[in-house]
Amino acid sequence: MKTVPCPTCKKPVPLGAEFFPFCSDRCRLIDLGRWADEQYRIPAASGQGQLPDEEPDEE
Ligand SMILES: [Zn+2]
């Protein structure tokens with residue numbers, strides 16, 4: 001049977017699986033959470049007072 005790797009845990013998932021392309025509902029939720037986290041992080045990065053590319057002046 002043909003399988004694809006689960007996007008979350010890389011476990012082989014057979015075509016037609018209940019949560020395809022994820023191996024389980026848990027992996028599906030983890031992947032969705034990861035996307036949501038990244039979408040929140042990008043706009044938030046400029047609003048949290050963090051300047052990753054600038055080093056503070058130390059005298
Ligand atoms: Zn998985």
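R26 counts as exposed because 12 C-beta neighbours lie inside 10 Å, and a residue with 12 or fewer is placed in that class. In this predicted model, R26 belongs to helix α1. Its C-alpha is 9.3 Å from that of T8, a residue 18 positions away in sequence.

L29 is partly exposed, because 13 other C-beta atoms lie within 10 Å. R34 counts as exposed, because 12 C-beta neighbours lie inside 10 Å. Between L29 and T8 the C-alpha to C-alpha distance is 9.4 Å, across 21 residues of sequence. For R34 and T8 the distance is 9.6 Å, and 26 residues of sequence lie between their positions.

| Pair | Separation in sequence | C-alpha to C-alpha distance |
|---|---|---|
| R26 and T8 | 18 residues | 9.3 Å |
| L29 and T8 | 21 residues | 9.4 Å |
| R34 and T8 | 26 residues | 9.6 Å |
| A17 and T3 | 14 residues | 9.5 Å |

**The chain as a whole**

The protein chain contains 1 helix and 2 strands. Their order along the sequence is β-β-α. The chain has 59 residues, of which 7% are buried. Among contacts with a separation of 6 or more, 3% are between residues 24 or more positions apart.

**The loop between β1 and β2**

K10 is in the loop that runs between β1 (3–5) and β2. Its phi is positive, at about 70 degrees, although K10 is not a glycine. Most residues other than glycine have a negative phi, and most peptide bonds are trans. K10 counts as exposed, because 11 C-beta neighbours lie inside 10 Å.

**The loop between β2 and α1**

P21 sits in the loop between β2 (12–14) and α1 (25–44). The peptide bond that joins F20 and P21 is cis, with omega about 5 degrees. A17 also lies in the loop between β2 and α1. With 15 other C-beta atoms within 10 Å, A17 is partly exposed, because that class falls between the limits of 12 or fewer for exposed and 20 or more for buried. A17 and T3 are 14 residues apart in sequence, and 9.5 Å separates their C-alpha atoms.

**Confidence**

The mean pLDDT of the protein chain is 83, and 76% of its residues reach 70 or more. In the protein chain, β2 has the highest confidence, at 97, while α1 has the lowest, at a mean of 82. Where pLDDT is low, the predicted coordinates should not be read in detail.

Conventions. Residues numbered from 1 in each chain as written. Predicted model: local features only at pLDDT ≥ 70, side-chain atom pairs only at ≥ 80, totals over all residues. Helix = DSSP H or I, 4+ residues; strand = E, 2+ residues; numbered from the N terminus. Contact = placed C-beta atoms within 7 Å. pLDDT = per-residue confidence, 0-100.
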